[in-house]
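Opened the notebook for a quick look through this one. I'll jot things down in the order I checked them.

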Amino acid sequence: MASVPAKKILIIEDERDILQLVKLYLEKEGFRTVTASTGAEGLNSAKQSKPDLIVLDLMLPEIDGLEVCKRLRSAPETAMLPIIMLTAKAEESDQVIGLELGADDYVTKPFSPKALVARVKALFRRTDRSRQESQTAYHYGKLAMDLDRHEVTVQGKDVPLTAKEFGLLEHLLRHPGRVLTREVLLNQVWGYDYFGTTRTVDVHVRRLKQKIPLLDEAILSVKSLGYKLKVLD
Ligand code: CA
């Protein structure tokens with residue numbers, strides 16, 4: 001059996017003790033780590049060292065964690081990277097903003113390193129699952145998508161969609177809870193050689209919502225970034 005290289009995690013944290021502690025625990029679990037102590041360094045490292053996941057501190061000097069998150073989500077090569085944000089307890093509203101800007105999960109300081117490791121593993125499970133190409137059907141509440149038949153139904157009733165609407169919906173269903181920027185959606189659904197503007201995405205999202213009313217509340221608009229499909233409980 002060929003050995004799979006250990007997953008690489010980038011830790012961006014300016015507090016040295018916390019950085020070392022997180023690094024130690026992740027390495028103990030068999031992960032490879034890369035570290036950065038400023039936002040700028042972290043952004044650079046995210047592109048250079050190609051991590052599989054990022055642990056990102058919210059309070060960083062100069063470029064803070066929210067801005068780092070936003071920039072990562074806006075660049076095609078880092079847009080889909082799983083991000084766990086470290087926040088302080090007093091910053092409740094920042095946690096919400098963090099998730100809106102595209103962090104996949106957050107852990108509140110002070111935290112136990114074991115709890116963080118558990119979150120990292122859970123997030124990997126989630127993203128690995130959504131990356132599996134073998135999936136040919138999606139269910140979302142009363143909505144069902146069958147990729148083999150190229151069919152979308154709501155409560156068993158056929159909903160005719162154009163190819164782009166179908167592709168857009170498929171992409172959202174494959175990544176519930178993740179912020180997908182307009183650029184990423186354009187590239188994935190329309191292709192890299194498409195010359196349209198990002199407004200095209202907005203128009204198609206609006207049409208999807210008109211055709212499938214349950215998506216009206218399910219597809220959330222994320223300010224200045226893109227869209228996210230609400231995770232169903
Ligand atoms: Ca900090």
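I started with burial: 48% of the 233 residues in the protein chain are buried. I keep in mind that this is a predicted model.

Next I looked at the overall build. I find nine helices and twelve strands in the protein chain. The radius of gyration is 19 Å, close to the 17 Å from the globule rule for 233 residues, so I note the chain as being as compact as a globular protein of that length. For the C-alpha trace I get a span of about 55 × 45 × 35 Å along the principal axes. I also checked contacts with a separation of 6 or more: residues 24 or more positions apart account for 58% of them.

Then the strands. β4 (residues 83–88) and β5 run parallel, and five bridges join them. Opposite Met 85 I see Tyr 106 of β5.

Last, a helix pair. The axes of α6 (residues 163–174) and α8 (residues 199–211) come within 10 Å and cross at roughly 90°. That is why I log α6 as roughly perpendicular to α8. On the α6 side, the contact uses Lys 164, Glu 165, Leu 168 and Leu 169. On the α8 side, I list Val 201, His 204, Val 205, Arg 207, Leu 208 and Lys 211. Sorting the residues of this contact gives me five nonpolar, one polar and four charged.

Conventions. Residues numbered from 1 in each chain as written. Predicted model: local features only at pLDDT ≥ 70, side-chain atom pairs only at ≥ 80, totals over all residues. Heavy atoms only, no water. Axes fitted to C-alpha atoms, helices over the stretch in contact; angles between N-to-C directions. Helix = DSSP H or I, 4+ residues; strand = E, 2+ residues; numbered from the N terminus. Parallel < 35°, antiparallel > 145°, perpendicular 65-115°, else oblique. Contact = heavy atoms within 4.5 Å. Nonpolar A, V, L, I, M, F, W, Y, C, P; charged D, E, K, R; others polar. Pairing = 2+ DSSP bridges. Rg over C-alpha atoms; globule rule 2.2 N^0.38 Å. Buried < 20%, exposed > 50% of the residue type's maximum accessible area, 1.4 Å probe, protein only.
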